[in-house]
Amino acid sequence: MISIIGIPSDKNSSFLKGASKAPPLIMREFYSDASNTFTESGIDLKANNICKYIGCIKLDDKDNEFDLIKNAITLELEKKKKCFFLGGDHSITYPIISAYKSFYSKINILHFDAHPDLYQDFDNNPYSHASPFARIMENKLADTLTQIGIRTTNSHQNTQIEKYNVQVISMKEFSNDIQLSFKDPVYITIDLDGLDPAFAPGVSHPEPGGLSTRDILKTISNIKGQIIGGDIVEYNPKKDINNITAITASKLLKETLGYMVI
Ligand SMILES: [Mn+2]
């Protein structure tokens, strides 16, 4: 059973708020009668015990959001459940991986994004949604970090990429016949702004020249390795057009779940 969990946190968003409203809107598309419940890999997600949306983690306005997130996920992982998370902004991936690290000695992270999110801190916030992978790598929570779709690096981020030995497949060099192999478990984190704004306009930091929905689906379908969890973050409903980004997020969720059960 895969638990789908909403994490409605956007207080670490640096530019626009709104991602905290995303999880139920993505799940509304996931359950919409506009499509059936089969994945392209042939799995019927409606079948018993494949996946279940268990709602949003209850957060409060205090400063301990990350503890609440980490504790809630730890409880799920203790039940031997695989999990998939809907943000929220990208800051949530740090407490998520902190929880996973107690259950998996080795974790590879595959990260789709326009941005490397490696700032040592951003606007004096070390927990900014621009910094989760700096926290994850400095705390040695992941063994490898592979980033795909990157097209916004500056000199500070380049220094961080080198410091943490990040494998970057930039948008400029990306080709969707790439085949990634992971000997140890892999966690997939998808920032929707990794997609071109034509496919996902509902994000706070749109960056043209990005991935197509098919690019991400094809890359995930070609992975060799065990997928232990994932997240889809940075959907900002305030910026969406005709729910297209929620529908796209739902499709990415659905197809990734299909590869997690295999
Ligand atoms: Mn991003």
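I began with helices α1 and α7, which are roughly perpendicular to each other. The model I am working from is predicted.

**Entry: α1 and α7**

I looked up the geometry behind that label. Helix α1 covers residues 22-30 and helix α7 covers residues 244-260. Their packing angle is about 70°, and the axes are 8 Å apart. Angles of 65 to 115 degrees count as roughly perpendicular, so the label holds. Next I listed the residues that make the contact. From α1 I noted L25, I26, E29 and F30. From α7 I noted A246, I247, A249, S250, L253 and K254. Sorted by class, this contact has seven nonpolar residues, one polar residue and two charged residues.

**Entry: α6 and α7**

What is the angle at which the axes of α6 and α7 cross? I found roughly 10°, with the axes coming within 10 Å. Helix α6 spans residues 213-221. An angle under 35 degrees counts as roughly parallel, so α6 and α7 are roughly parallel to each other. On the α6 side, the contact uses T213, I216, L217, I220 and S221. On the α7 side I wrote down T248, K251, L252, E255, T256 and Y259. The class count for α6 with α7 is five nonpolar, four polar and two charged.

**Entry: α2 and α3**

I then turned to helix α2 (residues 65-78) and helix α3 (residues 93-101). They pack at about 40°, and their axes are 8 Å apart. That makes α2 and α3 oblique to each other. The crossing of α2 past α3 is right-handed. In α2 I listed F66, I69, K70, I73, T74 and L77. They meet Y94, P95, I96, S98, A99 and Y100 in α3. The class count for this contact reads nine nonpolar, two polar and one charged.

**Entry: the sheet**

Which order do the eight strands take? I read β2-β1-β3-β8-β7-β4-β5-β6, in an open sheet with parallel pairing. The edge strands are β2 (51-56) and β6, each pairing on one side only. From one strand to the next, the twist averages 15°.

**Entry: β4, β5 and β6**

I followed the order to its β6 end. Strand β4 (residues 108-112) runs parallel to β5, and five bridges join them. Within this pair, I109 stands opposite L145 of β5. Strand β5 (residues 144-150) also runs parallel to strand β6 (residues 167-170), here with four bridges. I148 has I169 in β6 as its bridge partner.

**Entry: backbone checks**

Is the peptide bond from G87 to G88 cis or trans? I found it cis, with omega near 15°. G88 sits in the loop between β3 (82-87) and α3. I also flagged N124. This residue has a positive phi of about 65°, although it is not a glycine. I placed N124 in the loop between β4 and α4 (132-138).

**Entry: recap**

The α1 and α7 pair is roughly perpendicular. The α6 and α7 pair is roughly parallel. The α2 and α3 pair is oblique.

Key:
Residues numbered from 1 in each chain as written. Predicted model: local features only at pLDDT ≥ 70, side-chain atom pairs only at ≥ 80, totals over all residues. Axes fitted to C-alpha atoms, helices over the stretch in contact; angles between N-to-C directions. Helix = DSSP H or I, 4+ residues; strand = E, 2+ residues; numbered from the N terminus. Parallel < 35°, antiparallel > 145°, perpendicular 65-115°, else oblique. Left-handed = near helix turned anticlockwise from the far one by under 90°. Contact = placed C-beta atoms within 7 Å. Nonpolar A, V, L, I, M, F, W, Y, C, P; charged D, E, K, R; others polar. Pairing = 2+ DSSP bridges.
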